[in-house]
Amino acid sequence: MDKAVIPHSRPSLDESDIRAVATAMKSGHLSQGRRVQEFEKRLAGFIGNKNAAATSSGTAALHLALLALDIKERDEVIIPSFVCSALLNAIHYTRATPVLVDIEPLTFNLSADAVKRAVTRKTKAIIVPHLFGCPAQIDRLTELGIPVIEDCAQAIGATFKGRRVGSIGLLSVFSFYATKVITSGEGGMVLSDSKSLISKIKDLRDYDNKNDYLLRYNYKMNDIQAALGLSQLARLDEFIARRREIAALYFREFKNCHFSLPLWKEENDHIYYRFVVRTEEKSSVYLEKLRRNKVQARRPVHIPLHVYMRLSGFPRTMAAWQKSLSIPLYPSLKDKETKKIIAVVKDIF
Ligand SMILES: Cc1ncc(COP(=O)(O)O)c(C=O)c1O
């Protein structure tokens, strides 16, 4: 990309991250080891869970969470349409049937009412993403008595009614992809208070040295990744504070722009992984204008899942897809970059 363009997202790395990775490499132990264990312990402690299993990606974490619940062919798993295809893939890996539901118009999170209408006798789990860093109405879903997997890939550190997201469902999954809230390059984790579910996941993520044969995977995280994950986790409070600081600035500066600002509560429950606005015209028009002014914005979801699956309906998802865009917001944005973003956005809107 043109160097002068402000990218839509970027990792936030500093010297402490680099030192942590170098120390891990110098130790000579590269594969899954004590740093992975330490990362599991620290994240579980931070979120408020008893057990954790690190994985090679968020997708692997989702797949293993579904396998731990014994989800298989003919079972149904409910997910929103407005989310990335990793969820659809994980369900398809198990041969279960994905059941897509529409979203809430203002928060972009899956609609609890739509979930209730979609539940059948075959429903074995609901995957609840806390999209863009905004907590979903998780209590209305856990009360259904169906296992809930919280997808916290975009929401580490967000809270719902005073509890950290990821500590509320039966299981929760995380992603540490390069531009996620914290990164390990690639990586993921499953958390749960259930020791037996996490033991099953730890067994399935590693195929080696087993006395019985079972279809297992190589879904392990390694110690180099965990070293980076640990160093990033130590910076998480600083990252979230910076995200909220930039969001507050955008809220102030954009209040007269011709788009709808995210309708998020004043309370500190949102971590602003994405700053998503609703536009009056189709977002493609504005994306091009922003790009010409050297600000890279994005559609917050590339293509909704029901479009991939050629299903009709999902009016709220369609509206969100066509008329929303995500404006760059991440801790490594420099002040001069946020100033430029604000000037360009105000000019276009
Ligand atoms: C909500 C959500 N769930 C799951 C994933 C999958 O994570 P990964 O890319 O680590 O496989 C992502 C990644 O973009 C995501 O945004």
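These legends describe close-up views of a predicted model.

**View 1. The seven-stranded open sheet.** Seven strands form an open sheet with mixed pairing. Their order is β1-β9-β8-β5-β4-β2-β3. Strands β1 (51–55) and β3 (97–101) stand at the edges. Each has a single partner strand, so one side of each is left without a neighbour in the sheet. From one strand to the next, the twist averages 20°.

**View 2. Helix α7 on the sheet.** Helix α7 covers residues 195–204 and packs on the sheet. The strands touched by α7 are β1, β8 and β9 (188–192). The direction of α7 makes about 20° with that of β1.

**View 3. Pairing of β5 with β8.** Strand β5 spans residues 148–151, and strand β8 spans residues 171–175. The two pair in the parallel sense. Three bridges join them.

**View 4. Pairing of β2 with β3.** Strand β2 (residues 76–80) pairs with β3 in the parallel sense. Five bridges link the two strands. Opposite Glu76 stands Thr97 in β3. Strands of a sheet pair through backbone hydrogen bonds, either parallel or antiparallel.

View 5. Helix α4 runs over residues 86–93. Together, β2, α4 and β3 make a β-α-β unit. The unit is right-handed.

**View 6. The shell around the ligand.** The ligand is surrounded by 13 residues. The closest are Gly58, Thr59, Ala86, Ala153 and Ser175. By residue class, the shell divides into six nonpolar, six polar and one charged.

**View 7. The two domains.** Domain 1 takes in residues 15–233, and domain 2 takes in residues 236–348. Their centres, taken over C-alpha atoms, are separated by 25 Å. Across the boundary, 27 residues of domain 1 are in contact with 24 residues of domain 2.

**View 8. The side of domain 1 that touches domain 2.** This view stays with the 27 residues of domain 1 that are in contact with domain 2. Two or more residues on this side come from each of β6 (159–160) and α8 (223–233). The residues of this side divide into 19 nonpolar, seven polar and one charged.

Methods
Residues numbered from 1 in each chain as written. Predicted model: local features only at pLDDT ≥ 70, side-chain atom pairs only at ≥ 80, totals over all residues. Pairing = 2+ DSSP bridges. Helix = DSSP H or I, 4+ residues; strand = E, 2+ residues; numbered from the N terminus. Axes fitted to C-alpha atoms, helices over the stretch in contact; angles between N-to-C directions. Contact = placed C-beta atoms within 7 Å. Near = placed C-beta within 6 Å. Nonpolar A, V, L, I, M, F, W, Y, C, P; charged D, E, K, R; others polar. Domains from an automatic or database assignment. Right-handed = clockwise from strand over helix to strand, strands pointing away.
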